[in-house]
Amino acid sequence: MSDSRYRFHGSNQPARRSVLNTVEPAEVDEAGVVTFQLYDPIDSWGGEWGVSAKEFTAALSLLDADAVNKIQVHINSPGGEVFEAVTIINALRRFDARVVAVVDGLAASAASVLAAAADELVMAPNSTLMIHDAWGVCVGPATDMRSMADLLDKLSDNIADVYAAKAGGSAADWRERMRAETWYTADEAVEAGLANSVEARGPVEPAASFDLSIY
């Protein structure tokens, strides 16, 4: 059972679970690229509650490591449990392939940590990235409350290390931005150093045209 005291960010309501690709070796394209979609909260319950580290790593285990050169993770997530996100990050780090995160809509909270830990982070046009301090719920006497505050500071410092490793600067600087709950547009994420680039907009083809030759 998940311990809600250690949530980084999440929802109390069940969420639609995105379909993580059931990746088979044949689904790796000719260039050795395989794509995952993470379009839900990151949650240890998994199933209808979100995407768990157990589910994600199970999908990774189906890959033929020799056939994969790049793992592309498309993200649209409000975040979730920090330990689940860190587990997914470390599973991807152990896989001998380049990891590219693409923020399609939102990478907030724990999802932004996962995105920033990738080898490359690409923001889709008009997408958003959000960072903040760790959240938690605690019930008990004052000693438990103080202990919980200390734990949240440790978790937040750990998360700030990920942002600092990606973007430069000190973990202390990133903690200040996290405390302020900072929201970044696609361009701002690149300017801050959290993202590498903004995905190019493709040419827009007209959906329909009128034949005016009869007039």
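Helix axes here are lines fitted to C-alpha atoms, over the stretch in contact, and angles run from 0 to 180 degrees between N-to-C directions. Helices (H or I, at least four residues) and strands (E, at least two) are DSSP runs, numbered from the N terminus.

This is a predicted model, in which local features need pLDDT of at least 70, side-chain atom pairs count only at pLDDT 80 or more, and totals for chains, interfaces and linings use all residues. Residues are numbered from 1 along each chain as its sequence is written, and side-chain values use heavy atoms, with hydrogens and water left out.

**Confidence**

pLDDT is the predictor's confidence in each residue, from 0 to 100. The protein chain averages 86, and 82% of the residues score at least 70. Residues 1-26 fall below 50, yet this stretch has 76 contacts in the model beyond near neighbours in sequence. Contact means heavy atoms within 4.5 Å.

**Two helix pairs**

Two packed helices are described by the angle between their axes and the distance between the axes.

| Pair | Axis distance | Angle |
|---|---|---|
| α1 (residues 53-61) and α2 (residues 82-94) | 9 Å | about 15 degrees |
| α4 (residues 142-167) and α5 (residues 171-179) | within 8 Å | roughly 110 degrees |

Angles under 35 degrees count as roughly parallel, over 145 as roughly antiparallel, 65 to 115 as roughly perpendicular and the rest as oblique. With its angle of about 15 degrees to α2, α1 is therefore roughly parallel to α2. At roughly 110 degrees, α4 is therefore roughly perpendicular to α5.

A crossing is right-handed if the near helix is turned clockwise from the far one by less than a right angle, and left-handed if anticlockwise. α1 passes α2 in a right-handed crossing. α4 passes α5 in a right-handed crossing too.

From α1, A53, K54, F56, T57 and L60 meet E84, T87, I88, A91 and L92 of α2. That contact has 6 nonpolar, 2 polar and 2 charged residues. Here Ala, Val, Leu, Ile, Met, Phe, Trp, Tyr, Cys and Pro count as nonpolar, Asp, Glu, Lys and Arg as charged, and the others, Gly among them, as polar.

**Salt bridges**

A salt bridge is a side-chain nitrogen of Lys or Arg within 4 Å of a carboxyl oxygen of Asp or Glu. The count comes to 5. D133 and R175 form a salt bridge, at 2.9 Å from N to O. D133 lies in the loop between β5 (128-131) and α4, while R175 is in helix α5, 42 residues apart.
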